[in-house]
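Me: I have a two-chain model open and want to go through its architecture piece by piece. Can you take my questions as they come?

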Amino acid sequence: MATAAKKKLVQWGPAEVKSALLEKYPPKVARKRAKQIMINEAQQNETPELTANVRTIPGIITMRGCTYAGCKGVIMGPTRDIVNLVHGPIGCSFYAWLTRRNQTDAGPDGENYMNYCFSTDMQEQDIIFGGEKKLAAAIQEAYDLFHPKSIAVFATCPVGLIGDDIHTVSKNMKEKFGDCNVYAFSCEGYKGVSQSAGHHIANNQVFRHLVGQNDEVKPGKYKINLLGEYNIGGDGFEIDRIFQKCGITCISTFSGNSTYDQFASSHTADLNAVMCHRSINYVADMMETKYGIPWIKVNFIGAKATAKSLRKIAEYFGEKALIDRVEKVIAEEMPEVEAALAEITPRTEGKTAMMFVGGSRAHHYKELFDELKMKTISAGYEFGHQDDYEGRQVLPNIQLDADSRNIEELEVEPDKTRFKPRKSDKEMKALEKAGYKFKHYDGLAADMDKGTLIIDDLNQYEAEKLVELMKLDIFCAGIKEKYSIQKLGVPMKQLHSYDSGGPYAGFQGAINFYKEIDRLVNSKVWGFMKAPWQKNPELSASYVWE
Amino acid sequence: MLLRHTPTEITERTALTINPAKTCQPIGAMYAALGIHGCLPHSHGSQGCCAYHRSALTRHYKEPVSASTSSFTEGASVFGGQANMLQAINNIFTVYNPEVIAIHTTCLSETIGDDLPQIKKKAASEGKIPEGRYVISASTPSYAGSHVTGFSNMVKAMAGMAESTGKKNGKVNIIPGWMEPADMEEIKRITKMIGVKTILFPDTSGVLNGPLSGEYKMFPEGGTTVAELKSTGDSKGTLALGEWCSADAARDLDKQHKVPCSVLDMPFGLMATDRFIDALRTIAGVSIPEEIAHERGQLVDMISDMHQYLYGKKVALVGDPDQLIAMTEFLVSMDMKPIHIVTGTPGKKFEKRIKELTKDMGCKVNVKAQGDMFLLHQWIKNEPVDLLIGNTYCKYIARDEDIPYVRWGFPILDRQGHQYFPTVGYKGGLRLLEKILGVLLDRKDRDAPEPKFELVL
């Protein structure tokens, strides 16, 4: 009986699953959530169908974090030679202390503050009388102790409420020091509806205070910036290895294993390659307007995607030497990838996955599951916007709500002296005519099968329900979701910080990922859920001990 | 070097905290609330707080940690969080249906002055709290005290559920303080052996150390039940284990319901456990069974067997006040020398107590409340130690300075065992000692020159 019922559930269509997800909600909640669950038609509409980047419903257990997490935790966290000072009560700085697995290499200069946690540890009297003096003193103490190139100040919730002017404090300290760039981020946790607002705020301030500070031209050919790569589990190291092998010069990475100087010199690159569209596209747009650097979307998650992205970069520069070298590198790297796939895919083929993570990762990692011949039956983002789901062509038709309007949009103009188109109009047009796409992103939906479920801001209740109804082989999200899924007997892989292991980017990373998924979906442990006496509860005749 | 920028020379800091030895109140409130059966902790603030606390607890326990949030946006921060809270209460009871919602505040809702008791009243009058369900709340501003204070405040809110019927229940309330689920289980084992009927609250055993069986229970079997919490007002007495975590709730029960209390140290190590057992004996009027004396004897035995490796060893400690007081006493009782002791939690009483415990050691002791791990590291650079005890963040110091290191405290993010194996009581003392000896003797084996390398230690 139980088996028959289970079989029926597996056969549920997407519409039935959708209504099952909604049935328990109060009517208002159900109406709102219905708009954030889409049965994919992959239509590439001009008007977005799915609602995203809207408020989380109070009381509904969400996966989302806050603006501060997006700004300090995600974007600025991986920079090693900037003292990241959190202005607020102790918790915010404590929780963002080394918990994201951003790897770093201190390099020859040896500056690395990533293992440190800095806070003004605001107390009640600071909340009542204001915390500006304490902030100034803390900046001074950090400067005296470490003499860093730069100190970044991050606001937490109460700072905005009590009206501490962190920007003026920072500016004054910068002027006082003369040799240390101090600036601040108004990334109070309550701004915006998710981490996403924090990315935007970080982008703005990095662009305003860091980009363009150093005009010195760096050596090397084929200069690019890699935007939206955070070196989780060493992803950035693997991508750097591939770039070096190809002869591509990476001027800066925003922001995995990055340094102050990388940001400061980034405007000297000739192309911006954007990995995580959601977290960093703002800076790419602003750099194009101000300095004339075009941007393209790339993806180094997945061996084929890596090869495709390398070719795209080579095609942009258009020099045969680079194009040939990239082909040679791909030819060198792929046999090992193919050997791994040949060995592993027989054990993964036909298995099913779900991913609810990030604002680009759910899309990127589909590549790897495709390579393993696994089917992604449902996916969504934690903090994506509508263009991340349905493509940038919907941008003009996204209606900005009050929460989005609260986040500053910088007015950017071409730099009087440093704006330099990297290619002539004619060259750009020729590339575009040949099918080359700048500033282009199709989004997740285009790559998902028709009839699959795309769900924005999935919550704990829906996750559990999906697993129950759709009987999948692996679920991917973050640490908070990990163990409730695994309690159901389904392996769960964190795709924010990868649990352990990595890199998963590039060619070597793809191989690591294949092995990891093989380990997870084929682990013996999932067969140990029940003890023998639970599987066969009938009492047999008394046992005769001999 | 991982902490290569930490200078040996100590300069005074008045504004900058580096590498904190504490975190904020709400996470303590969340942990305590998970020790109520059928309870959903709720964070009244912006959603990042809740996400961070759930992540930290999940990483520490490798278990699901469910909690909800009021998801403040800019609007709620300006106009107050009442609407969000009311909506949350309605959604929580409809979708998750817990027996209790335990709300704690955050620096955000405290700064704007949201009045939780008033919001609760409004929720009740609007019929948003179903019959037989409860909403309790604690004020836990992140800008005062520490995670320890938040824990204590939520335990106080739990004690606030007590009722007195006028008829005594014959039980002893035990408020264990911030200890691991395994420790709470151990307290229950000990009291059962002694034959004392108890109400332990909070009780996270069975909540944060659950099995894997193919089923997910959002509200696991464990936790102190509402009926038990109500009944604490009828108990014959309360033992509060730890001044910082537990005493306030115990005193409230005394004040409100005339349940007499005594405040003891947390029962880590020999002497604190002795006092705990003896207090149980006195309050319950029972005699202590031989098995307990047997366990005690085993701990004393191991101390005497291995004393040569412990004697005179210098130790640096970082953690929370109640735990550090008991640990310091334990180390001193074994003739070890805890010389650098830091807690991030404020309280001059802590420094005074540590000084008392270490006064006969015959050497200078550095102790600081509201200190940080940067200072601890500098102390260690100035006067090296043989052993470091603290949470996972200590591993950066331990590696840089090459110090034998025992993980003990919160959070432990990189090792297992704290969920399952207690460190309280005599049995727990054995485990602590085993861990300490393990790292000390591993070091001895690693460093001994070949001619001095020995089989028998």
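This is a predicted model: local features need pLDDT of at least 70, side-chain atom pairs count only at pLDDT 80 or more; totals for chains, interfaces and linings use all residues.

Me: Which residue stands opposite A:Met38 in E12(A)?
Reply: A:Ile454 stands opposite A:Met38 there.

Me: What sheet are those strands part of, and what is its strand order?
Reply: The sheet is open and has six strands of chain A, in the order E1-E12-E11-E10-E13-E14, with mixed pairing. Strand E1 (37-39) and strand E14 (492-494) of chain A are at the edges. Each has a single partner strand, so one side of each has no neighbour in the sheet. Direction ignored, neighbouring strands are turned by 20° against each other on average.

Me: Which strands does H20(A) lie across?
Reply: H20(A) lies across strand E10 (352-356), strand E11 (375-380), E12 and strand E13 (474-477) of chain A. Relative to E11(A), H20(A) runs at about 160°.

Me: What about the loop between E12 and H20 of chain A?
Reply: A:Asp457 is in that loop. A:Asp457 is not a glycine, yet has a positive phi of about 50°.

Me: Switching to helix packing. At what angle do H10 and H13 of chain A pack?
Reply: Helix H10 (residues 195-209) and helix H13 (residues 277-291) of chain A pack at about 30°, and their axes are 8 Å apart. H10(A) and H13(A) are therefore roughly parallel to each other. Their crossing is right-handed.

Me: Which residues meet there?
Reply: From H10(A), A:Ser196, A:His199, A:His200, A:Asn203, A:Val206 and A:Phe207 take part. On the H13(A) side they meet A:Arg278, A:Ser279, A:Ile280, A:Tyr282, A:Val283 and A:Met286. By class, the residues of this contact are six nonpolar, five polar and one charged.

Me: And how do H11 and H22 of chain A cross?
Reply: The axes of helix H11 (residues 235-246) and helix H22 (residues 506-521) of chain A come within 7 Å and cross at roughly 135°. That makes H11(A) oblique to H22(A). H11(A) contributes A:Asp235, A:Glu238, A:Ile239 and A:Ile242, while H22(A) contributes A:Gly506, A:Phe507, A:Gln508 and A:Gly509. The contact divides into three nonpolar, three polar and two charged residues.

Me: Now the two chains together. How many residues of each chain are in contact?
Reply: 68 residues of chain A are in contact with 61 residues of chain B. On chain A, the elements giving two or more residues to that side include helix H4 (67-76), helix H7 (132-146), helix H20 (460-470) and helix H21 (479-487). The side of chain A that touches chain B has 36 nonpolar, 17 polar and 15 charged residues.

Me: Which strand of chain B does E3(A) join?
Reply: E3(A) is joined by two bridges to strand E1 (residues 17-18) of chain B, and the two run antiparallel. A:Phe118 has B:Ile18 as its bridge partner in E1(B).

Me: Over to chain B on its own. What is the strand order in its five-stranded open sheet?
Reply: The order is E12-E11-E10-E13-E14 of chain B, with parallel pairing. The edges are strand E12 (366-368) and strand E14 (405-407) of chain B, each with a single partner strand, so one side of each is left without a neighbour in the sheet. From one strand to the next, the twist averages 15°.

Me: How many bridges join E10 and E11 of chain B?
Reply: Six bridges join strand E10 (residues 314-319) to strand E11 (residues 337-343) of chain B, and the strands run parallel. B:Val318 has B:Val342 as its bridge partner in E11(B). Helix H15 (residues 373-382) of chain B packs on the sheet, touching E10, E11 and E12 of chain B.

Me: What is the hand of the crossover from E8(B) to E9(B)?
Reply: First, the pair: strand E8 (residues 237-241) and strand E9 (residues 261-264) of chain B run parallel and are joined by four bridges. The chain passes from E8(B) through helix H10 (residues 247-257) of chain B to E9(B), and this β-α-β crossover is right-handed.

Me: Last one: where are the prolines B:Pro202 and B:Pro411?
Reply: B:Pro202 is in the loop between strand E7 (198-200) and helix H9 (226-231) of chain B. A cis peptide bond joins B:Phe201 to B:Pro202, with omega about -5°. B:Pro411 is in the loop between E14 and helix H17 (425-447) of chain B, and the peptide bond from B:Phe410 to B:Pro411 is cis, with omega near -5°.

Terms used: Residues are numbered from 1 along each chain as its sequence is written. Chains are lettered from A and ligands numbered from 1 in the order in which they are written. Two residues are in contact if their C-beta atoms, placed from the backbone, lie within 7 Å. Ala, Val, Leu, Ile, Met, Phe, Trp, Tyr, Cys and Pro count as nonpolar, Asp, Glu, Lys and Arg as charged, and the others, Gly among them, as polar. Two strands pair if DSSP finds at least two bridges between them. A crossover is right-handed if, with the strands pointing away from the viewer, the path from the first strand over the helix to the second runs clockwise. Axes are lines fitted to C-alpha atoms, for helices over the stretch in contact, and angles run from 0 to 180 degrees between N-to-C directions. Angles under 35 degrees count as roughly parallel, over 145 as roughly antiparallel, 65 to 115 as roughly perpendicular and the rest as oblique. A crossing is left-handed if the near helix is turned anticlockwise from the far one by less than a right angle, and right-handed if clockwise.
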